[in-house]
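Reader: Hi! I have the sequence and the model open side by side. Could you walk me through it?

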Amino acid sequence: MSCIESEVCKERKFEEESGEITLDGSVDLHGRPAIRAKSGRWVAGIIVLLNQALATLAFFGIGVNLVLFLTRVVGQNNADAANNVSKWTGTVYIFSLVGAFLSDSYWGRYKTCAVFQVIFVIGLMSLSLSSYLFLIKPKGCGNESIHCGKHSRLEMGMFYLSIYLIALGNGGYQPNIATFGADQYDEEHSKEGHSKVAFFSYFYLAFNIGQLFSNTILVYFEDEGIWALGFWLSAGSAFAGLVLFLAGTPRYRHFKPSGNPLSRFCQVLVAASRKSSVQLSSNGEDLYDTDTKESSTNANRKILHTHGFKFLDRAAFISSRDLEDQKGIGYNPWCLCPVSQVEEVKCILRLLPIWLCTIIYSVVFTQMASLFVEQGAAMKTTVSDFKIPPASMSSFDILSVAVFIFFYRRVLDPFVGKLKKTDSKGLTELQRMGVGLVIAVLAMVSAGIVECYRLKYAKQGCTRCDGTSTLSIFWQIPQYAFIGASEVFMYVGQLEFFNAQTPDGLKSFGSALCMTSISLGNYVSSLLVSMVMKISTEDHMPGWIPGNLNKGHLDRFYFLLAALTSIDLIAYIACAKWYKCIQLGGKRENDEPGV
């Protein structure tokens, strides 16, 4: 007892000497309660933002031109190269679920971010080294004019091992870094709570800035055939991000992992099934609950009981057999679960309809990297003697993101807050995601109108139709700007929403849902294009999206996406009205502004 009392005394003395501790249960590197003045906040947040920008620069420095590397250096045809890039991209998002599971269950976010960043750097260095020593032979090959020779199985094995290490590293790291950055702000504190909301906007901005540099500087070297230098710069950027991340270690706040969520979910389902015939009271008084101090393992906040999914409440019903078990070895978790555990399952079930509604938006978003580029290539791309690369028009998307983040944070959010006459934020996350869907419809309508005019001024009888329309490529600026604006409302709102609405033990899983939404958007887009082409090419017609766009109707595909997004918006509004927010116990009611 004296040992325990001495430890308690040391803990109290530590808190008294150090100052105010955080209210959200975060701890420092040594597992002690985090001191507000000495941990987290914008010092740690800025380190995470810089780390994200450097890692994004490194990843997209590889991903953007991987298809060209496979055709020019590896010697694959266009179809095989595109298929391999699709598999690789899909693998990145699959690994995001692996990273989220390890983070939430066993390792915690800091260790998961560090481990997967090390794997990411190893993969990049391996790719740079193997490209320089084996793949880029003869020297100087890999540009448009000089293709490289054949490679041995060992060399190709080294190449594929490298790029899939990159996929594993980035996939496992990406869903955790956003959540880890948000962990640096105590949402139970009014001032830090506002900073946490702002962090997600700046996080997405850092992501876009890293992408901008990779799409301009690194892509330039790679397009010119200087592949090894481009890869080494990516590796250097990732290594600098890793060093910066580790340098901030003493400043970070941490949350302890909560154990395997799959077993917790299965326990609720099994316990509810065993008591399927039980009749529950309407007020929930007969449900098994725990004290706030004991409610959740590893300092997670208690989740309060909500109505809905009544079947699952049976898992928390205390039967006579449960009372007998308590007298012996205690409650069996496969027969009786606390309310917080049941509500954890309910939270995920409520999130799924909202998540499904974001997939169609991701279909719209993916057009920027595919059909927008093809459309731009068929327009007038020259200004005097300078030729504008169609893919570079995505810079207007990134500029739009930067402008609208500033506009939302500094103008729209305070304005809406004044209209609502509250001291809290303006638009809710769900409202912002809805606005994002509306702007996405405008983006597709804008792209469709531009395509109508492009066809009007196009030469119909050409065989290679790049640049055959007299309509300037700068008419694409509005559709790129609309996509950028919609990202600020949809993807930033999505990050905030899933972070706020997932239980404490599943925060990284919430971020992984955002990534899987983008992944499924890619697959649905590919499926949609295949279906449209199969239907529109009947009776020997060229189809809506043929190789020669001047003979097709890309405008109809854009208008189809606008219609599908409009239908998705209606479904989303219904889901948003049905949705019930998570209710957490232990929140401070009267938090003074500015404290």
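Author: Happy to. One term to begin with: buried means under 20% relative accessible area, exposed means over 50%, and partly exposed is in between (1.4 Å probe, protein chains only). This is a predicted model, where local features need pLDDT of at least 70, side-chain atom pairs count only at pLDDT 80 or more, and totals for chains, interfaces and linings use all residues. Residues are numbered from 1 along each chain as its sequence is written, and side-chain values use heavy atoms, with hydrogens and water left out.

Reader: Thanks! Is Val-345 buried or exposed?

Author: Val-345 counts as buried, because its relative accessibility is 5%. Val-345 sits in helix 12, residues 339-366. Helices here are DSSP runs (H or I, at least four residues), as are strands (E, at least two), numbered from the N terminus.

Reader: And what does Val-345 touch?

Author: Not counting residues up to four places away in sequence, Val-345 touches Phe-265, Val-268 and Leu-312. Contact means heavy atoms within 4.5 Å. Between Val-345 and Cys-266 there are 9.4 Å, C-alpha to C-alpha, and the two are 79 residues apart in sequence.

Reader: What about Val-529, where is that one?

Author: Val-529 belongs to helix 17, residues 507-536. With a relative accessibility of 25%, Val-529 counts as partly exposed. Leaving aside neighbours within four places in sequence, Val-529 is in contact with Ile-545 and Phe-557. Ile-545 is 16 residues from Val-529 in sequence, and their C-alpha atoms are 8.1 Å apart.

Reader: Let's zoom out. How many helices and strands does the chain have?

Author: The chain has 18 helices and two strands. It is 595 residues long, and 54% of them count as buried. Among contacts with a separation of 6 or more, 81% are between residues 24 or more positions apart.

Reader: Where is the confidence lowest, and where is it highest?

Author: Confidence comes as pLDDT, the predictor's confidence in each residue, from 0 to 100. The lowest mean is 46, in helix 1 (residues 2-18), and the highest is 95, in helix 18 (residues 554-578). Over residues 1-17 the pLDDT is below 50, and beyond near neighbours in sequence that stretch has seven contacts in the model. Residues 292-298 also stay under 50, with twelve contacts beyond four places in sequence. The chain average is 83, and 89% of the residues score at least 70.

Reader: Good to know. Now packing: at what angle do helix 2 and helix 8 pack?

Author: Helix 2 (residues 41-63) and helix 8 (residues 227-247) pack at about 160°, with axes 8 Å apart. Axes are lines fitted to C-alpha atoms, for helices over the stretch in contact, and angles run from 0 to 180 degrees between N-to-C directions. Helix 2 and helix 8 are therefore roughly antiparallel. For the cut-offs, under 35 degrees is roughly parallel, over 145 roughly antiparallel, 65 to 115 roughly perpendicular, and the rest oblique.

Reader: Which residues of helix 2 and helix 8 meet?

Author: Among them are Ile-47, Leu-50 and Leu-54 from helix 2, and Phe-231, Ser-234 and Phe-245 from helix 8. By class, the contact of helix 2 with helix 8 has twelve nonpolar, five polar and no charged residues. Nonpolar covers Ala, Val, Leu, Ile, Met, Phe, Trp, Tyr, Cys and Pro, charged covers Asp, Glu, Lys and Arg, and the others, Gly among them, are polar.

Reader: How do helix 15 and helix 18 cross?

Author: Helix 15 (residues 429-456) and helix 18 cross at roughly 165°, and their axes come within 8 Å. Helix 15 and helix 18 are therefore roughly antiparallel. The residues of their contact divide into 20 nonpolar, four polar and four charged.

Reader: One last thing: what is the phi of Arg-41?

Author: Phi of Arg-41 is near 60°, a positive value in a residue other than glycine. Most residues other than glycine have a negative phi. Arg-41 lies in helix 2 and counts as partly exposed, at 31% relative accessibility. Phe-309 has a positive phi too, near 50°; Phe-309 is in the loop between helix 9 (261-274) and helix 10 (310-313).
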